[in-house]
Amino acid sequence: MRQFRADLHIHTVLSPCADLDMSPENIVARAKKQKLDIIGITDHNSTRNVEAVSKVAAREDIFVLPGCEINTSEEIHVLVFFPDTKAMNDFQQYIDRHLPPIANHPGLFGYQVFVDEHSNIIGYEEKYLGSALEVGIDEVEIKVHEIGGIFIPAHVDRYVTSIYSQLGFIPESLQFEALQISKRVNETDIRSKYSIPDEISIVKFSDAHYPENVGEVCTILEMQEISFSEIKKALLKIGNRGTKIP
């Protein structure tokens, strides 16, 4: 198996909490400097800057895993990823139906900017993307897997917006490919604290909101090649594939 460096939790200028320097060009330049092979674009409750980053990354031979960071009705953050553009656009329509009509106030929350691959502003998201969707984690998980996606509860060690902080446990019925931990915690400690068995992959990503954060931490994916299906198999530890936190 080959090893690939992946940072699958990166925000762009579209996320209200991200710096306006998080343009496609700056994200990709930093990813290249950090020798990343795969990046995941995960804006809050939106996929609308994935295409722009993908166009820039393709020129540098960096694979973009299209995704977003969902905030469920329980205020649980989850990383979700899609096998292709059709599935991503399908899920974007799902988000649009369930994101509450709360207006964004740039001076209070931050700007929510759509850009092209040259960082030209092509639009603004009017709804506040930091809101919780009007659907719970179970329903979101079912939708993601119906369209063939990947579902990863985010920063599970945090005292807010994590599955443990909000529910206190992981429901037995919940299907997921991995659990993400924050960049400053230790995998062994988190496995012990929450009794997470070895067969469940634990991954660590940057949750980058500023260019200098991209690739600050990453996870090694051990797989045959870079593709959506291989990434999913690595997270699920199928066929000698797997993950490793360096």
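This is a predicted model: local features need pLDDT of at least 70, side-chain atom pairs count only at pLDDT 80 or more; totals for chains, interfaces and linings use all residues.
Residues are numbered from 1 along each chain as its sequence is written, and side-chain values use heavy atoms, with hydrogens and water left out. Local features need pLDDT of at least 70, side-chain atom pairs count only at pLDDT 80 or more, and totals for chains, interfaces and linings use all residues.

**Exercise 1. Describe the overall make-up of the protein.**

Step 1: Start with the elements. The protein has eight helices and 11 strands (DSSP runs numbered from the N terminus: helices are H or I with at least four residues, strands are E with at least two).

Step 2: Turn to the overall form. The radius of gyration is 17 Å, close to the 18 Å that the globule rule gives for 246 residues, so the protein is as compact as a globular protein of that length. The radius is taken over C-alpha atoms, and the rule is 2.2 Å times the number of residues to the power 0.38.

Step 3: Along the principal axes, the C-alpha atoms fill a box of roughly 45 × 40 × 35 Å.

**Exercise 2. Work out how α1 and α2 are arranged.**

Step 1: Find helix α1 at residues 24-33 and helix α2 at residues 50-59; their axes come within 9 Å and cross at roughly 45°. Axes are lines fitted to C-alpha atoms, for helices over the stretch in contact, and angles run from 0 to 180 degrees between N-to-C directions.

Step 2: Name the arrangement. The two helices are therefore oblique to each other (under 35 degrees is roughly parallel, over 145 roughly antiparallel, 65 to 115 roughly perpendicular, and the rest oblique).

Step 3: List the contact (heavy atoms within 4.5 Å). Pro-24, Glu-25 and Val-28 of α1 meet Ala-52, Val-53, Val-56 and Ala-57 of α2.
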